[in-house]
Amino acid sequence: MSTTRRDLIRRLRLLLVLATATTLALFLAYRGVHDDTVPLSTASTPGIRAVDTARSALRQANAVVRETGAEGDTSGEFLTQISVAQQSLALAASENVTGLTGRHDVQTVTGLIAVYSGWVERRGREPEGSPLRAAYLHYAEKVLGLEAEAGTEGDIMSRLDALRGEQLAEARRQAAFPWQLWLGWCTVAVLYAALCGALLETQRFLRHRFRRPVQLRLLAATAVCAVGVPVLAWQTLSAHRAMTDSVAGVQVPPAVPDAVPEGAGEVRGALADAGFWASLSDLIPLGGAVVAALALWGLWPRIAEYRFRSQR
């Protein structure tokens, strides 16, 4: 009695199981990396750069106060830099990198900037030579965190440093590749190899049993696997490298104020296509369904043919 029908059914079941398992593993592993690329590129790194911009603007505002006389304390340049700092902090709050705690920290810093500006304005109202000018500058720089005993937790710069540290920790978490992801991608590799091997073995079996050189539907399923999985794996590796480079780019605040926007542009460029590649995760189940459908389409006519033969 011919075992062909049983052999075909066994191979079809194996292909369907492997296609389903590979699709599920690939979907989870791919999402495990790419679900963090968009938040990293659109929220975390911009939030860090917003804090850097605020720090730089406040330092430049204080430099204006120190380098000019009474007329410079509330000059247009000073007010411009204060406005830049406030707008940057508003952006950092809107990115919501560290949640409610981060928004509360931004609100606190914004209030302290108002206190700092108030001391500067009071200094500006004093005539040249007044001893109160030095005292008001001392109070202002103490609030800012540039005074001699700066570095306490209550000043502006210390709070911005703490906020930046929290944002950077979140960015590092997003760019990390923990053991769960390693396990997921190793599982994908094993299942992918097994699926490709099963497809090739099934085609060899059909060629040997039915004397047909090519089974186009199984060949198409093999092509989908051979192209789709490596492309997604390579793009995931590229995305992870870009994420790591982006975090490295914001690791240390720029020493030069002009370097802040330049660094932000480099980060955006590294992850410019993050949204597009992340959206491809929705196509993975479709690709798996195509492979399974092609396998079923390729083998079922033969299985049905042998069923009819056995009924005669």
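The text below goes from the overall fold to the cores, then to the salt bridges and the aromatic pairs.

## Overall fold

The model is predicted. The protein has 11 helices and 0 strands, and its elements, read from the N terminus, run α-α-α-α-α-α-α-α-α-α-α. Of the 312 residues in the protein, 44% are buried. The accessible surface amounts to about 16000 Å², and carbon and sulfur atoms account for 62% of that area. Among contacts with a separation of 6 or more, 81% are between residues 24 or more positions apart.

## Nonpolar cores

The largest nonpolar core has 44 residues, and the members that touch the most others in it are Leu15, Leu195 and Leu299. Two or more residues come from each of H1, helix H2 (37-67), H6, H7, helix H8 (216-249) and helix H11 (284-311). The greatest contribution is that of H7, which gives 12 residues.

The surroundings of Leu15 can be listed individually. With residues up to four places away in sequence left out, Leu15 touches Leu195, Ala198, Leu199, Thr202, Leu218, Ala295 and Leu299. Two of these partners, Leu195 and Leu299, are also named with Leu15 as the members that touch the most others in the core.

## Salt bridges

Side chains of opposite charge can pair when their charged atoms come close. The structure contains 10 salt bridges. Three of them are set out in the table.

| Salt bridge | N to O distance | Source |
|---|---|---|
| Arg10 and Asp7 | 3.1 Å | side chains |
| Glu201 and Arg11 | 2.9 Å | side chains |
| Glu170 and Arg173 | 2.9 Å | closest N and O atoms |

Arg10 and Asp7 belong to helix H1 (residues 4-34) and are 3 residues apart, about one turn of the helix. Asp7, at 10% relative accessibility, is buried.

Glu170 is partly exposed at a relative accessible area of 22%, and Arg173 is partly exposed at 46%.

Glu201 and Arg11 form a salt bridge at 2.9 Å, N to O. This pair links distant parts of the chain, with Glu201 in helix H7 (residues 179-210) and Arg11 in helix H1, 190 residues apart. Glu201 has a relative accessibility of 26% and is partly exposed. Arg11 has a relative accessible area of 13%; the cut-off for buried is under 20%, so Arg11 is buried. Through shared partners, salt bridges join Arg11 and Glu201 with Arg204 in one network.

Arg11 takes part in a further interaction, with an aromatic ring. Arg11 lies over the face of Phe205, 4.0 Å from the ring centre.

## Aromatic pairs

The count of aromatic pairs is 5. In one of them, the ring centres of Trp119 and Tyr139 are 4.9 Å apart and the planes meet at 50°. Why is this pair classed as tilted? Planes under 30 degrees apart count as stacked and those over 60 as edge-to-face; the angle here is 50°, so the pair is tilted. The two residues come from distant parts of the chain, 20 residues apart: Trp119 is in helix H4 (residues 99-125) and Tyr139 in helix H5 (residues 131-144). Trp119 is partly exposed at 22% relative accessibility, and Tyr139 is partly exposed with a relative accessible area of 39%.

Phe177 and Trp182 form another aromatic pair, with a centre-to-centre distance of 4.9 Å and an angle of 70° between the planes, which is edge-to-face. Trp182 has a relative accessibility of 53% and counts as exposed.

Trp119 and Tyr139 are also part of a cluster: ring pairs link them with Tyr136.

How values were computed. Residues numbered from 1 in each chain as written. Predicted model: local features only at pLDDT ≥ 70, side-chain atom pairs only at ≥ 80, totals over all residues. Heavy atoms only, no water. Phe/Tyr/Trp six-rings, centres within 6.5 Å; stacked < 30°, edge-to-face > 60°. Helix = DSSP H or I, 4+ residues; strand = E, 2+ residues; numbered from the N terminus. Buried < 20%, exposed > 50% of the residue type's maximum accessible area, 1.4 Å probe, protein only. Lys NZ or Arg CZ within 6 Å of the ring centre and 35° of its normal. Salt bridge = Lys/Arg side-chain N within 4 Å of Asp/Glu carboxyl O. Core = buried A, V, L, I, M, F, W, Y, C linked by side-chain atoms within 4.5 Å. Contact = heavy atoms within 4.5 Å. Areas by Shrake-Rupley, 256 points an atom, 1.4 Å probe, with all protein chains shown as cover.
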